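Hello,

I am passing this structure on to you, as promised. Have a look at it first, and my notes follow below.

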Amino acid sequence: MLSKIYNLIFSGKRSTRIKRHVIFWSFFYVYQVIRLSFLYPFNHLHDSVAPILISSLAIGFLQNVFLTYLVVYYLIPQFISKKKYFLFATGILVAFIIMFGWNILYIRINKIFIHAIGSTKQNPYIFLRGVIIRLVGNAPLVCALFVSLKALKNWHLRELENEQLTREKANAELQLLKAQIHPHFLFNTLNNIYSFALAKSPLAADLVQKLSDMLSYMITDCNRLTVPVEKEIQLIKDYIGLERVRYGERLDIQMYVNGDYQNSMIVPLLMIPFVENCFKHGASMMRGKQWMHLVISVNEYELDFNLSNSKPAQPNVIKNKNGIGLLNVQKRLDLLYPGRHELNINSTENTFSVYLKVALEKQFIPVTEKQTLLSHKEIIFKPNIHY
């Protein structure tokens, strides 16, 4: 019902617009009939139906329709929008002269209205005052009401159009950000596999399988607005697995996942740039023992992502805070989680840490499937534990 009313008010279809105007003027004509009825003696009202209907149409309805459509569809577009105010005022004056002449002509020819208001037949000044009141009082008010309703409708439609353009712009920007993330992510991963392939390591096949899983996820799932949290976590597992084999015992990796995340949804590729950053600007730039600690905690409404890693004690490393990957994440968070996320990135002399909190969407799962889900605390990587 509400959607039908909304479409009736705001639809741009020609048939709906005609229906909308017919309804507006029908209500106005009924108002004119009721208003004019109060001028007739109550005990003779049943004999005055025809005079009321004719007079409401001739001197109430038609002249208001004339002025309103003249102003809205000609004078305003032709003169106001072009800042020709003098011509607009001249057009209004001519319209009022035409309506005044029509009132005088109608009442002089047709005595119905004069008979209806009794004593005005003997007093032309009172009669003339009634004509002026109808012109100066009613017509501008009706025209102003029509213009206001039309302006309100146009404002609402413009707001909807602006919102649509904003959404399209945001979507285009998101696609650009994701397009920047994919090559950056794949470049690092392929470099890792390439190094193992050159060394003819038996681990290369396992790494290729992990990359295949990652690519499948990125191609099929990452085109959606949200993905299951467990798939994002699995992506992080696979990526860390690739890097863990590469660095061996000199990199101490600890990853913990807490909570029930099986039926939660999150924006794809939101956490992986932070993990990439740890290896690109941390482990790959240091000699000796290094470490990375990651804790992902999930509850019914939000996800907490805590990541910290060692880094070289070099001032220029801090610039990774403004790297392409992290900037992309910050932009995506602003676009997709406005007011529903918290991101803190801190860099000290020897450590780099990221704290991210985002609101989660819930995925509907049938009861039979929910029974198979586990609430758990999972330790993905322990210190010095290898694949």
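The lining of the largest pocket divides into 10 nonpolar, 1 polar and 4 charged residues (Ala, Val, Leu, Ile, Met, Phe, Trp, Tyr, Cys and Pro count as nonpolar, Asp, Glu, Lys and Arg as charged, and the others, Gly among them, as polar). A pocket here is an open set of points on a 1 Å grid over the protein atoms alone, where a 1.4 Å probe fits, with protein on both sides within 12 Å along at least five of seven lines; lining residues have an atom within 4 Å of a point. Its volume, the space filled by probe spheres set on the points, is about 380 Å³. Of the 15 lining residues, I9, R20, L149, K150 and K153 are the closest to the centre.

Please keep in mind that this is a predicted model, where local features need pLDDT of at least 70, side-chain atom pairs count only at pLDDT 80 or more, and totals for chains, interfaces and linings use all residues. Residues are numbered from 1 along each chain as its sequence is written, and side-chain values use heavy atoms, leaving out hydrogens and water.

Which helices supply the lining? α1 (2-10), α2 (14-37) and α6 (124-198) each supply at least two residues, and α2 gives the most, with 6 (helices are DSSP runs of H or I, at least four residues, numbered from the N terminus).

Two of these helices also meet each other: N7, L8, I9 and F10 in α1 are in contact with T16, K19, R20 and I23 in α2 (contact means heavy atoms within 4.5 Å). These contact residues divide into 4 nonpolar, 2 polar and 2 charged.

Best wishes
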